[in-house]
Amino acid sequence: DENMFVTCGNEYVVCLWDMRKFDAKQPLHTLPHDRVINSGMFSPLSGSKLLTTAQNDEIRVYDLTRDVHSPRIISHPHRPFQ
């Protein structure tokens with residue numbers, strides 16, 4: 001959906017926003033993480049999934065068509081510069 005975007009960073013939370021509801025100044029969802037978040041990206045094919053990475057050993061995949069607060073967690077070694 002071209003109206004959706006995410007913000008993330010040092011505050012350990014990903015915020016999912018809808019531009020149509022931006023006047024409320026509140027995100028649609030806040031997705032807490034245990035560490036600083038490195039990135040958030042929508043799936044390029046459908047836009048219905050959101051992938052986040054943080055400075056821990058997890059990639060989180062959120063299905064935005066289902067329960068957004070129950071991500072699929074994929075373990076990965078966090079080894080920068082490898």
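The largest nonpolar core in this predicted model has 10 residues in all: Met4, Val6, Val14, Leu16, Leu31, Ile37, Leu50, Ala54, Tyr62 and Val68. Two or more of these residues come from each of strand 1 (4–7), strand 2 (13–18) and strand 5 (49–54). As general background, nonpolar side chains in soluble globular proteins tend to be buried together.

Val6 is found in strand 1. Setting aside neighbours within four places in sequence, Val6 is in contact with Val14, Cys15, Leu16, Gly40, Phe42 and Leu50. Leu31, counted in the same way, is in contact with Tyr12, Val13, Val14, Leu50, Tyr62, Val68 and His69.

Strands of a sheet pair through backbone hydrogen bonds, either parallel or antiparallel. Here you will find an open sheet of 3 strands, in the order 1-2-3, with antiparallel pairing. Strand 1 and strand 3 (29–32) are the edge strands, each pairing on one side only. From one strand to the next, the twist averages 20°. Strand 2 and strand 3 are joined over 4 bridges in the antiparallel sense, and Val14 stands opposite Leu31 in strand 3. Both Val14 and Leu31 belong to the core described above.

Next, the aromatic rings. A search of the whole structure finds 1 aromatic pair. Its members are Phe5 and Trp17, which count as stacked because their ring centres are 6.2 Å apart and their planes lie at 10°. Since Phe5 lies in strand 1 and Trp17 in strand 2, the pair ties together parts that are 12 residues apart in sequence. As for accessibility, Phe5 counts as partly exposed at 25%, whereas Trp17 is buried, with a relative accessible area of 14%.

Finally, have a look at Arg60, which sits in strand 6 (residues 58–63). Is this arginine buried or exposed? Arg60 is buried, because its relative accessible area is 10%, and the cut-off for buried is under 20%. Its side chain makes a polar contact with the side chain of Glu58, at 3.1 Å. Beyond residues up to four places away in sequence, Arg60 touches Pro32, His33, Asp34, Leu50, Leu51, Thr52, Pro71, Arg72 and Ile73. One of these, Leu50, is a core residue. To place Arg60 relative to Val6, the two are 54 residues apart in sequence and 14 Å apart in space, C-alpha to C-alpha.

How values were computed:
Residues numbered from 1 in each chain as written. Predicted model: local features only at pLDDT ≥ 70, side-chain atom pairs only at ≥ 80, totals over all residues. Heavy atoms only, no water. Buried < 20%, exposed > 50% of the residue type's maximum accessible area, 1.4 Å probe, protein only. Polar contact = N/O pair within 3.5 Å; in protein donor to acceptor, adjacent residues only side chain to side chain. Contact = heavy atoms within 4.5 Å. Core = buried A, V, L, I, M, F, W, Y, C linked by side-chain atoms within 4.5 Å. Pairing = 2+ DSSP bridges. Axes fitted to C-alpha atoms, helices over the stretch in contact; angles between N-to-C directions. Phe/Tyr/Trp six-rings, centres within 6.5 Å; stacked < 30°, edge-to-face > 60°.
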